[in-house]
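Student: Could we take a close look at one part of this model together? I would like to follow a single residue and then its surroundings.

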Amino acid sequence: MNKPHNPKRQAILEAAMRAFIAHGYSGTSMEAIAEAAPVSKPTLYNHFKSKQDLFAAVIECRCEALISTFSSMQTELNDPAAGLKAIAGAFIDLAYADEAIQLYRLIIAEQQHFPELGELIYRSGPVPVLRQMTSYLAELNAQGILNITDLETSSRLFLDMLKGDEHFRCLLGLQSSLSEAAKQRMIDAAVSLFLKGHGYDA
């Protein structure tokens with residue numbers, strides 16, 4: 001749930017995100033975050049009871065910020081190719097964003113310390129994206145534009161086509177991101193294959 005906007009809380013979250021990405025969880029102290037924010041230690045602990053609480057809040061906040069961009073896009077029902085391309089473009093921008101890649105690496109690195117973190121991340125990131133994708137496909141299916149027998153599976157498969165090897169290479173640092181040309185090739189291929197697989201006759 002989104003918290004009411006509070007400038008000091010936001011300053012703490014931003015300072016903490018920079019510190020966690022730069023130094024990892026164990027290498028970051030609450031004192032350093034308070035100094036970077038800058039706020040007093042009592043103010044910091046008034047907003048966040050512990051470093052673990054703050055870390056979880058940072059991850060949740062960044063997921064919400066990234067998802068808000070995805071959620072603001074517009075999709076077309078009368079042109080499923082355009083609608084799917086809009087979703088694909090927004091999803092790629094979301095998944096391949098430098099901040100998203102950095103957060104993913106950080107989450108994997110710290111997962112052993114926070115077994116509950118995986119559920120938080122999944123609920124804050126992939127679930128809203130999957131829900132929006134499924135909702136769009138449900139509309140196309142209801143109008144007979146596409147023939148989809150399993151909305152959730154089809155939604156997952158479409159989004160999975162946009163990650164795979166390219167995203168893994170980014171996570172490993174083998175490439176920094178996708179070029180615009182590579183992004184468009186991936187979008188065109190995924191949309192074309194998806195539409196053909198769901199009975200769309202352009």
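Student: Is Thr75 buried, partly exposed or exposed, and what is its relative accessibility?

Tutor: Happy to! This is a predicted model, in which local features need pLDDT of at least 70, side-chain atom pairs count only at pLDDT 80 or more, and totals for chains, interfaces and linings use all residues. Residues are numbered from 1 along each chain as its sequence is written, and side-chain values use heavy atoms, with hydrogens and water left out.

Thr75 counts as partly exposed because its relative accessibility is 31%; buried means under 20% relative accessible area, exposed over 50%, and partly exposed in between, with a 1.4 Å probe and protein chains only. Thr75 sits in the loop between α4 (51–71) and α5 (80–95), where helices are DSSP runs of H or I with at least four residues, numbered from the N terminus. Beyond its neighbours within four places in sequence, Thr75 is in contact (heavy atoms within 4.5 Å) with Gly83, Ile87 and Tyr136. Tyr136 is 61 residues away along the chain, yet 7.9 Å separates the two C-alpha atoms.

Ile87 also leads us to Phe158: setting aside neighbours within four places in sequence, the contacts of Phe158 include Ile87, Leu84 and Met133. Phe158 and Leu84 are among the residues with the most contacts inside the largest nonpolar core, which has 31 residues. Such a core is a set of buried Ala, Val, Leu, Ile, Met, Phe, Trp, Tyr and Cys residues joined through side-chain atoms within 4.5 Å. Elements giving two or more residues to this core include α5 and α8 (126–142).
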